[in-house]
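The following note sets out numbered points on the helix packing and the sheet of one model. Please read it alongside the sequence and coordinates.

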Amino acid sequence: MLPWLGRTYGNPSSGHQLGRSARKAIEEAKDAIAGVLDCSAGSIVFTSGATESINTAICSAFFSGRDHGCNHILTTSVEHSATISTCRFLENMHGAEVTYLPASRTGELDLAEVQRHIRASTCVVSVIWGNNETGVVLPARDIAAICREVGVLLHLDAVQIVGKSPISFDDLGADFLSFSGHKFGAPKGIGGLLIRNSGDFVPLLHGGKQQNGLRAGTENVASIVGLAKALAIRSTDKAQAEILRIKKLRDEFESRLAVRIPDVDVNGQGAIRLPNTSNVYIPGLDSDALVTYLDQRGICVSSGSACLEEAITPSHVVLSMTGSHERASESVRISFGLDNTSEEIEKLINEIVLFRELF
C-alpha cells in the first residue's frame with residue numbers, strides 16, 4: 001500500500017501519468033479479487049465497507065423493484081445491524097413491507113419458511129451467510145436456488161465468509177454479495193459489493209462517474225490495493241490450513257470450558273459454524289461484566305456485535321434464537337485469530353472460571 005499513500009498519489013480518474021498509474025493499480029486489484037472470488041472484474045464495486053455494501057444492495061433492489069410494484073423485503077431476525085437498520089429505514093421512510101424470518105434455537109433457517117414468505121411483491125431476499133455473533137452458516141446455495149426459481153433477487157451478507165472459505169460467485173447464484181476488508185487483514189474502511197447484473201442497479205452514492213457509475217466518489221487506491229493483497233494472502237493453501245488450526249482451537253476451548261463449567265452451553269451448537277467463532281452461554285454471568293473483567297486481564301472478547309457494543313442491550317441474535325432475555329444477557333462471543341495459542345485458551349478458561357467464583 002505504501003507507494004499509493006506517498007509518491008504515486010494520483011487520482012485514478014485523471015488522465016495524466018499519476019492518474020493512469022492509479023487506475024492501473026485498481027484494475028489489477030479487481031482482476032486479483034475476481035480470481036479469488038470467481039467473478040468477473042466488472043461485477044466488483046469498491047465501497048467503504050460492508051455497511052455501505054449492504055445498504056447499497058438492499059436499497060438498489062428496493063428502489064428498482066418499487067417501480068414494478070415490488071416493495072416487500074424478506075430477511076431474518078438474526079441479521080447484522082446494517083441489514084436490520086436499512087430495512088427499518090425503508091419501512092419507516094419509504095413504505096417497504098419487511099418480513100423478518102425467525103431463526104431456530106440453533107440459529108438455522110427453515111427453507112420452507114423462505115419459500116412460504118416470498119410473494120409476488122418481493123423485491124429482494126437478504127440473509128447473513130455466516131452469522132457475526134454465533135458463527136452459524138446458512139445454506140446460501142439452497143436459498144439462492146429458491147430465489148432463482150421464483151425470479152427474486154438475493155443479497156448475501158458474506159462478511160464473515162470471504163477470506164475464510166472458498167467462494168465462487170459465478171456458481172453461487174446470488175445477485176449481490178457484500179464483504180469487508182478488515183475481516184481478513186485488509187485496512188478498516190474498505191470493502192466490496194459483487195453485482196451480478198447492473199442493468200437495473202440504483203446507486204446509493206451519486207456524483208461522478210467512477211466505477212462505471214455504480215458508486216460515485218474518488219477511489220481509495222491504497223486501501224483497494226491492500227484489500228486485494230490481503231485477500232490473496234488469505235486464499236493460499238497455508239492460510240486455509242491455519243483456518244483448520246483455528247477451528248481445532250475453538251473446539252478445544254468449548255470442550256475444556258464445558259469440563260470446568262458443566263452448565264455452559266454453546267449458542268449455535270449443532271449447526272454448521274464458522275471455524276473461528278464461539279458464542280457461549282455461561283449461566284449467572286452478566287456478559288458485559290465478564291467482557292470488562294477479561295479486558296482488564298488483557299483478553300478481548302465481546303458480548304455481541306462490535307457495531308452494537310456501546311448499546312446496553314442483550315444480543316438480539318441470541319434473543320431471537322432462544323427467546324430468553326437472560327440467556328442473551330449471559331452470552332459472550334469469542335473470536336479466535338491466527339496468533340492464538342493453546343496456552344492462551346487455557347488462560348481464557350482460567351479467567352472465566354475465576355470470575356465466576358468471585359461473582
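1. Axes are lines fitted to C-alpha atoms, for helices over the stretch in contact, and angles run from 0 to 180 degrees between N-to-C directions. Helices (H or I, at least four residues) and strands (E, at least two) are DSSP runs, numbered from the N terminus. The model is predicted: local features need pLDDT of at least 70, side-chain atom pairs count only at pLDDT 80 or more, and totals for chains, interfaces and linings use all residues. Residues are numbered from 1 along each chain as its sequence is written, and side-chain values use heavy atoms, with hydrogens and water left out.

2. Helix α9 (residues 237-260) and helix α13 (residues 342-358) have axes that come within 10 Å and cross at roughly 30°. The two helices are therefore roughly parallel to each other (angles under 35 degrees count as such). Their crossing is right-handed, meaning that the near helix is turned clockwise from the far one by less than a right angle.

3. On the α9 side, the contact (heavy atoms within 4.5 Å) involves Leu-249, Glu-252, Phe-253, Arg-256, Leu-257 and Arg-260. Their counterparts in α13 include Ile-345, Glu-346, Ile-349 and Val-353. The residues of this contact divide into 8 nonpolar, 2 polar and 4 charged (Ala, Val, Leu, Ile, Met, Phe, Trp, Tyr, Cys and Pro count as nonpolar, Asp, Glu, Lys and Arg as charged, and the others, Gly among them, as polar).

4. Helix α3 (residues 50-66) and α4 have axes that come within 9 Å and cross at roughly 35°; this crossing is also right-handed. Among the α3 residues that meet α4 are Ile-54, Ile-58, Phe-62 and Phe-63, while the α4 residues include Ala-82, Thr-86 and Leu-90. By class, the contact has 7 nonpolar, 5 polar and 1 charged residues.

5. Arg-88 lies in helix α4 (residues 81-94). Arg-88 is partly exposed, at a relative accessible area of 49% (buried means under 20%, exposed over 50%, partly exposed in between, with a 1.4 Å probe and protein chains only).

6. An open sheet of 3 strands runs in the order β8-β9-β10 with antiparallel pairing; two strands pair if DSSP finds at least two bridges between them. The edge strands are β8 (265-266) and β10. Strand β9 (residues 277-281) pairs with β10 over 5 bridges, Asn-279 being bridged to Arg-333. The pairing of β8 with β9 has 2 bridges, and Asp-265 has Tyr-281 as its bridge partner.

7. How many of the 5 residues of strand β10 (residues 331-335) are buried? The count is 4, so β10 is largely enclosed by the rest of the structure.

Technical notes:
Parallel < 35°, antiparallel > 145°, perpendicular 65-115°, else oblique.
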